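This report describes the pockets, the sheet and the aromatic pairs of one structure. Please look over the sequence and the model before reading on.

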Amino acid sequence: MKVVICSDAAQTRRLAAQVLAQQVQTKPESVLGLATGRTMEAIYAQLAKRAEEQSIDFSGVTTFNLDEYIGLTAQHPQSYRYYMQTHLFRLINIPEHNTHVPDGAAEDVKAEARSYESRIAQAGGIDLQLLGLGENGHIGFNEPLSALNGRTHVVTLAQATLQQNAVMFDNDMAQVPARALTMGTGTILDSREALLVVTGAAKADIVARVIEGPVSALVPGSALQFHPHCLVLLDEAAASRLTQREAIFWQMQHDPELQAFLSA
């Protein structure tokens, strides 16, 4: 992992949008793995702004989202397909047929999981996977005790995840889907590059376990320690429990690639 501690959440989001924009500019036919959540909303707003200002062409880009709730149609306001249309796809010139989100309304969700994994492979694999981190350490919807080599699959969501997501459903737990389709941790690790973005003091404990703790199925995000090219962007609050902060800052100051990235 290469870890960057940013001065604040705004810088974290700006740098994340910069990474995504540079990926598309460098490789116009990139395959991007995308995530959802409040942090991602701000990143996508920044990316769309960059796309307009710098005339970044997304017409050759293919995207695969990490996950989707089972039981929600693409038209449901809380589905991740609806989220992506609202926060990114309608703002850039990406063809709709190039955008992929698991079909949570599929009659056979296990078959949909297998199909989704196949479609990723047919696209040549994911060049850059954008990730957030759940407070219980999940990446995608790979909850604690998920297989670290798992592929796209059906998952029953942890109670903590349901409680956190209830705010999107008028704080009515009965409305929150209990299951989801998600890329597996193994699928995520297959990406050529990974970008993990975490902000806020509420994530500080789990960030420390993901970056400095042992790799464990209890903390699925810790599997990213095995990823050959993983960039982690943290704000000061999210990084506050790390014990190796001095070593991280030293690396930031002396790694030419990181210096070039931070000064761009």
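Which residues lie nearest the centre of the second largest pocket? They are Lys2, Val19, Glu193, Leu231 and Glu257, out of 20 residues that line this pocket. The model is predicted, so local features need pLDDT of at least 70 and side-chain atom pairs count only at pLDDT 80 or more, while totals for chains, interfaces and linings use all residues. Residues are numbered from 1 along each chain as its sequence is written, and side-chain values use heavy atoms, with hydrogens and water left out.

**Pockets**

A pocket is an open set of points on a 1 Å grid over the protein atoms alone, where a 1.4 Å probe fits and protein lies on both sides within 12 Å along at least five of seven lines; lining residues have an atom within 4 Å of a point. The volume is the space filled by probe spheres set on the points.

| Largest | about 860 Å³ | 17 nonpolar, 15 polar, five charged residues |

Of the 37 residues lining the largest pocket, Thr36, Gly37, Arg38, Asn165 and Lys203 are the closest to its centre. Helix 3 gives the largest share of that lining, five residues. Elements that each supply at least two residues there include helix 2 (38-54) and helix 5 (159-165). For the second largest pocket, helix 1 (9-26), strand 9, strand 10 (230-235) and helix 9 (256-263) each supply at least two. Helices (H or I, at least four residues) and strands (E, at least two) are DSSP runs, numbered from the N terminus.

Seven strands form an open sheet in the order 1-10-9-6-2-3-5, with parallel pairing. Strand 1 (2-6) and strand 5 (99-100) are its edges, each pairing on one side only. Two strands pair if DSSP finds at least two bridges between them; strand 2 (residues 31-34) and strand 3 (residues 62-65) have four. Gly33 has Phe64 in strand 3 as its bridge partner.

**Aromatic pairs**

The structure holds five aromatic pairs, counted when ring centres of Phe, Tyr or Trp (its six-membered ring) lie within 6.5 Å; planes under 30 degrees apart are stacked, over 60 edge-to-face and the rest tilted. Tyr69 and Phe141 form a tilted pair, 5.8 Å centre to centre with 45° between the planes. Tyr69 lies in strand 4 (residues 67-69) and Phe141 in the loop between strand 6 (128-131) and strand 7 (153-156), so the pair ties together parts 72 residues apart in sequence. Both Tyr69 and Phe141 are buried (under 20% relative accessible area, with a 1.4 Å probe and protein chains only). Ring pairs link Tyr69, Tyr80, Phe141 and Phe169 into a cluster.

Terms used
Buried means under 20% relative accessible area, exposed over 50%, partly exposed in between (1.4 Å probe, protein chains only). Ala, Val, Leu, Ile, Met, Phe, Trp, Tyr, Cys and Pro count as nonpolar, Asp, Glu, Lys and Arg as charged, and the others, Gly among them, as polar.
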